[in-house]
Amino acid sequence: QETGFTLDVYVYDDQEGSLFVHHDLMLNAYPLCVTWLDTARSDGTVGSFAAIGTMDTEIEVWDLDCIDNMEPVAVLGGEDLEASVGAAGTGKKKKKKAKKTLREGSHSDAVLGMCWHHLQRNIIASASADHTVKIWDVPQEKCLHTLSHHKDKVQAVQWHPTEAAVLLTGSFDKNASVLDVRATAADWKAAGKWAVSSDIENVVWDPFNTHQFLVSTDDGNVFCHDARKQGQGPLFTIGAHTEACTGLALSTQVPGLLATASLDKTVKLWDIKGGKVAYVDSKPMEIGQVFCASFCTERGSEYILAAGGKDSKVLIWDTASSAAVRARFPTGKSDEDYLGVEDLEMDKMNITRDDDRDSDDSATDSEEEKKPRSVKKEELDDDGEEGPSQAQAKTVKKKKKKAKK
């Protein structure tokens with residue numbers, strides 16, 4: 001069993017359908033979240049970097065182009081080693097272990113979520129179990145703002161796709177919030193909030209309807225809200241999964257294509273164009289419980305979906321291989337393109353760092369289990385794909401493990 005922590009760098013060839021680990025980097029603490037960025041060095045050099053949030057208080061930024069890195073190119077927050085060494089060298093005997101001295105602006109608890117700012121490329125936002133959100137200048141290794149508008153752990157954060165100062169956050173206090181990071185601290189406290197049914201797992205802006213955002217929760221629901229209508233109810237709600245909806249991905253290239261991932265070991269696809277929700281397809285993953293999912297942002301590979309699961313398992317799904325997806329979205333593919341391919345893709349693209357599989361991972365759900373529990377919306381789908389009402393939807397509440405240092 002591995003005792004260290006690693007950042008694995010994968011390479012995927014969509015022409016060959018191959019996925020492999022190119023190299024890995026040793027980390028100093030248990031990783032909880034990652035975001036890619038292209039600017040991390042003080043000289044402004046553009047490259048390929050990954051910021052890692054961990055169970056400790058610091059954020060490490062690693063250069064992915066260098067395969068023999070011994071240390072990160074930047075560290076945001078964390079322990080002030082010089083101050084800690086000085087405090088330990090007083091010569092006085094202490095019954096209790098000396099408390100760590102943190103750098104100025106550091107988080108004081110685990111970092112649970114991060115998002116890179118693609119408009120201001122030297123900036124990232126981080127969310128923490130210390131109930132705060134912080135805005136960082138990565139090359140300067142400096143905290144610019146600390147936002148304390150939530151009352152519980154903050155797990156999800158995302159920058160607006162076109163408004164550089166607007167930030168979306170989601171917390172265990174069961175509220176999603178939209179705020180302007182240029183505002184004063186008093187205005188942050190009064191940030192717009194939208195209550196949901198359970199602890200928030202993920203938040204995402206709709207890139208084709210930039211005043212709308214989606215929130216996934218610990219009880220398996222997905223809510224769509226209008227950021228212009230503070231405090232009002234959702235535009236629609238999807239009872240997507242029977243367990244926590246841990247992954248939420250909207251394609252930046254295909255309007256309305258939504259993927260949800262869950263601890264129920266499935267990934268489901270939805271069409272939400274025009275606010276009309278339709279269930280498209282689902283697939284039981286061969287990676288156990290699914291923790292995250294993301295669409296490729298490059299044109300030409302926009303239907304490629306990556307998912308990460310239990311025990312360091314990673315899988316790539318070409319969603320265009322689904323006949324239901326091809327029927328609903330302009331994939332440019334036909335049935336002939338996938339003859340004899342779909343069943344093989346799962347095994348070919350499934351990469352695991354551990355050969356042992358959970359005994360029940362390969363078990364497939366019944367057709368009834370694959371279907372969504374409920375779809376609730378103001379306007380019904382033209383195809384009549386309507387789920388049971390909210391009163392009929394079953395809610396399975398799963399207590400989330402608290403982050404520990």
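A hairpin of six residues links strand E15 to strand E16. The model is predicted: local features need pLDDT of at least 70, side-chain atom pairs count only at pLDDT 80 or more, and totals for chains, interfaces and linings use all residues. Residues are numbered from 1 along each chain as its sequence is written, and side-chain values use heavy atoms, with hydrogens and water left out.

Strands here are DSSP runs (E, at least two residues), numbered from the N terminus, and two of them pair if DSSP finds at least two bridges between them. E15 (residues 200-205) pairs with E16 in the antiparallel sense over five bridges. In this pairing Asn202 stands opposite Ser216 of E16.

E16 covers residues 212-217, and six of its six residues are buried (under 20% relative accessible area, with a 1.4 Å probe and protein chains only; exposed is over 50%, partly exposed in between). In a regular strand, side chains alternate between the two faces of the sheet. Both faces of E16 are covered: Gln212, Leu214 and Ser216 are buried on one side, Phe213, Val215 and Thr217 on the other.

E16 also pairs with strand E17 (residues 221-226), antiparallel and over five bridges. Gln212 stands opposite Asp226 in E17. Three residues lie between E16 and E17 in their hairpin, and Gly220 in the turn has a positive phi of about 90 degrees.

Further along, four strands form an open antiparallel sheet in the order E19-E20-E21-E22. Its edge strands, E19 (247-250) and E22 (278-284), each pair on one side only. E19 and E20 (residues 257-261) run antiparallel and are joined by four bridges, with Leu250 opposite Leu258 in E20.
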